[in-house]
Amino acid sequence: MCFDTTVSNTGLHTGACHLIEERLSKDLLHLPCRHHILEIVVEKAFTAMKFEASSGPDIAIFKRFRDFWQDIDQTNFDTASDEVAITSFKEHVIRFAETTLAISQPRDDYEELLELTIIFLGGSPPKGIRFKAPGALHHARWMAKIIYGLKIWIF
């Protein structure tokens with residue numbers, strides 16, 4: 001079964017997945033949507049970092065960053081290339097991101113995340129170092145959280 005990770009699908013007693021298995025009288029392979037799984041992982045990371053609570057669809061720190069974007073000197077940025085913690089996997093991740101960028105990406109945010117990853121690790125993407133203005137930032141866009149997080153760290 002392939003499904004999103006809402007409780008209506010995954011609930012232990014009344015979730016659709018449980019009910020289907022029960023009616024078929026057999027266990028089935030569960031394949032939660034990768035986007036929904038990554039959304040859960042990213043949400044846990046942001047919760048652990050104790051980002052401030054949001055009263056609406058926007059994340060306050062990202063909104064402030066987006067509003068301040070025009071005042072940021074995009075030629076003055078930092079990378080994590082000197083961080084000892086990333087030394088062992090840095091080159092492998094850069095190579096992976098470059099190889100993946102060579103393939104046509106279905107969405108602009110996929111391409112932006114790969115390029116930011118290369119820049120963050122101290123490399124230079126094939127199209128050069130460039131930064132896109134921050135875009136949508138609501139809770140539903142899990143990849144936006146990663147993109148915003150990288151940009152905030154870099155600047």
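Contact, in these legends, means heavy atoms within 4.5 Å, and helices (H or I, at least four residues) and strands (E, at least two) are DSSP runs, numbered from the N terminus. The views show a predicted model, in which local features need pLDDT of at least 70, side-chain atom pairs count only at pLDDT 80 or more, and totals for chains, interfaces and linings use all residues. Residues are numbered from 1 along each chain as its sequence is written, and side-chain values use heavy atoms, with hydrogens and water left out.

**View A. Helix H4 (residues 60-68) against H7.** On the H4 side, Ile61, Phe62, Phe65 and Arg66 meet Lys145, Tyr148, Gly149, Lys151 and Ile152 of H7. By class, this contact has five nonpolar, one polar and three charged residues (Ala, Val, Leu, Ile, Met, Phe, Trp, Tyr, Cys and Pro count as nonpolar, Asp, Glu, Lys and Arg as charged, and the others, Gly among them, as polar). The two helices pack at an angle of about 60°, with their axes 11 Å apart; axes are lines fitted to C-alpha atoms, for helices over the stretch in contact, and angles run from 0 to 180 degrees between N-to-C directions. H4 and H7 are therefore oblique to each other (angles under 35 degrees count as roughly parallel, over 145 as roughly antiparallel, 65 to 115 as roughly perpendicular and the rest as oblique). Their crossing is left-handed, a term used if the near helix is turned anticlockwise from the far one by less than a right angle, with right-handed for clockwise.

**View B. H6 alongside H7, roughly parallel.** Here the axes come within 10 Å and cross at roughly 30°. H6 and H7 are therefore roughly parallel to each other, and H6 passes H7 in a left-handed crossing. From H6, the contact takes in Asp109, Tyr110, Glu112, Leu113, Leu116, Thr117, Ile119 and Phe120. H7 answers with Met143, Ile146, Ile147, Leu150, Lys151, Trp153 and Ile154. Sorted by class, the contact of H6 with H7 holds 11 nonpolar, one polar and three charged residues.

**View C. Thr117 of helix H6.** Look for Val93 and Leu150, which Thr117 touches when residues up to four places away in sequence are not counted. Thr117 and Ile147 are 30 residues apart in sequence, with 9.0 Å between their C-alpha atoms.

**View D. Helix H5 (residues 90-101) packed on H6.** The angle between this pair is about 150°, and the axes are 9 Å apart. That makes H5 roughly antiparallel to H6. H5 passes H6 in a left-handed crossing. Val93, Ile94, Ala97, Glu98, Thr100 and Leu101 of H5 meet Glu111, Leu114, Glu115, Thr117 and Ile118 of H6. The class count for this contact is six nonpolar, two polar and three charged residues.

**View E. Gln105, in the loop between H5 and H6.** Leaving out residues up to four places away in sequence, Gln105 touches Thr100, Tyr110, Glu111 and Leu114. Ala80 is 25 residues from Gln105 along the chain, and their C-alpha atoms are separated by 25 Å.

**View F. The largest pocket, with a volume of about 240 Å³.** On a 1 Å grid over the protein atoms alone, a cavity is a set of points where a 1.4 Å probe fits but cannot get out, and a pocket is an open set with protein on both sides within 12 Å along at least five of seven lines; lining residues have an atom within 4 Å of a point. Grid points are joined across faces, edges and corners, and a volume is the space filled by probe spheres set on the points. Of the 12 lining residues, Leu38, Leu113, Trp142, Met143 and Ile146 are the closest to the centre of the pocket. Helix H3 (34-48), helix H6 (108-120) and helix H7 (142-154) each give two or more residues to the lining, and H3 gives the largest share, four residues. The lining has nine nonpolar, two polar and one charged residues.

**View G. The largest cavity, with a volume of about 40 Å³.** The structure holds one cavity of 30 Å³ or more. Glu112, Glu115, Leu116, Arg130, Phe131 and Lys132 line the largest cavity. That lining divides into two nonpolar, no polar and four charged residues.
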